[in-house]
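Let's take a friendly walk through a protein model. Keep the sequence and the 3D view open as you read.

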Amino acid sequence: MQQRKALVVYGGMELHTPERGAETVRSILVEHGFDVTVTDDYDALGAEDVGENALIVPVITGGELASDRMERLIAAVRCGTGLAGYHMGLATSFRASVPFRYAASCYWVAHPGNIITYRVDIARPDHPIMAGIESFTHTSEQYYLNYDPAVDVLATTRFSGAHDPWRKDVVMPVVFTTTHGAGRVFYSSLGHTADELDLPEVRTILTRGLLWAARDA
């Protein structure tokens, strides 16, 4: 069986420790048999051969990509290349690109209270990404998202209203899956810094999500 390829591209705010996070993603994928390229060159996302990757993981805050390269990236996803991200990846990546926003299926808008302790509730214990994981508390940024109603929500969080009372009791996705054309899309808002990716629940969700999104061999 041919070894599957994955592309991990990092950049943006150092606050999010993107290079370390990209290396964590690389180590997970290598453990599962992937041939992984890690780079800080955004242009790799729109390379002529980008569609040869089974999975693409942007670990990027902000950023810009030329329109022709963005077209190739989105075309690859629509043809079956998986797209996955955590925290800032997908939710804040390439904020000005409408095609990318459509594929990413979410958009970060706030994290009231900044670093706080909140609860993550499992919405789909029957899904293979969430199997055996119980609801847990997490200390980090509680992401408030604008998101596509077409997503399959696997885990949620409820906003207490302690910081933005006008959003009290809003239930927000924390983990979801969806598709964009033939490509599978996975997102988890957990993982503000690379250190959080070593927490057992966060690591398990990320690992399973990456593998779920990747195109089959």
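## A serine that reaches back

In this predicted model, the side chain of Ser-93 reaches the backbone nitrogen of Leu-90 at 3.1 Å. You will find Ser-93 in the loop between α3 and α4 (98-104). Helices (H or I, at least four residues) and strands (E, at least two) are DSSP runs, numbered from the N terminus.

Is Ser-93 buried or exposed? Ser-93 is buried, because its relative accessibility is 0%. Here buried means under 20% relative accessible area, exposed over 50%, and partly exposed in between (1.4 Å probe, protein chains only). Not counting residues up to four places away in sequence, Ser-93 touches Pro-58, Ile-60, Gly-62, Met-88, Phe-100 and Arg-101. Contact means heavy atoms within 4.5 Å.

## How to read the model

Residues are numbered from 1 along each chain as its sequence is written. Because the model is predicted, local features need pLDDT of at least 70 and side-chain atom pairs count only at pLDDT 80 or more, while totals for chains, interfaces and linings use all residues; side-chain values use heavy atoms, with hydrogens and water left out.

Most residues other than glycine have a negative phi. Leu-90 is not a glycine, yet has a positive phi of about 80 degrees. Leu-90 sits in helix α3 (residues 88-91), and is buried, with a relative accessible area of 0%.

Asn-114 also has a positive phi, of about 60 degrees, although it is not a glycine. Look for Asn-114 in the loop between β5 (106-110) and β6 (115-122). With a relative accessible area of 45%, Asn-114 is partly exposed.

Thr-17 lies in the loop between β1 (5-11) and α1 (18-31). Thr-17 counts as buried because its relative accessibility is 17%. Residues up to four places away in sequence aside, Thr-17 touches Thr-193 and Ala-194.

Gly-191 is in the loop between β11 (183-188) and α5 (200-213), and is buried at a relative accessible area of 0%. Leaving out neighbours within four places in sequence, Gly-191 is in contact with Tyr-86, His-87, Glu-196 and Leu-197. From C-alpha to C-alpha, Gly-191 and Glu-71 are 28 Å apart in space, and they are 120 residues apart in sequence.

How many cavities of 30 Å³ or more does the structure hold? There is one. On a 1 Å grid over the protein atoms alone, a cavity is a set of points where a 1.4 Å probe fits but cannot get out, and a pocket is an open set with protein on both sides within 12 Å along at least five of seven lines; lining residues have an atom within 4 Å of a point. The largest cavity has a volume of about 70 Å³, and its lining includes Pro-112, Ile-116, Phe-159 and Arg-167. A volume is the space filled by probe spheres set on the points, and grid points are joined across faces, edges and corners.

The largest pocket holds about 160 Å³ of space. Among the residues lining this pocket are Gln-2, Lys-5, Glu-52 and Asp-216.

Conventions. A polar contact is a pair of N or O atoms within 3.5 Å; within protein, one must be able to donate a hydrogen and the other to accept it, and residues adjacent in sequence count only if both atoms are side-chain atoms.
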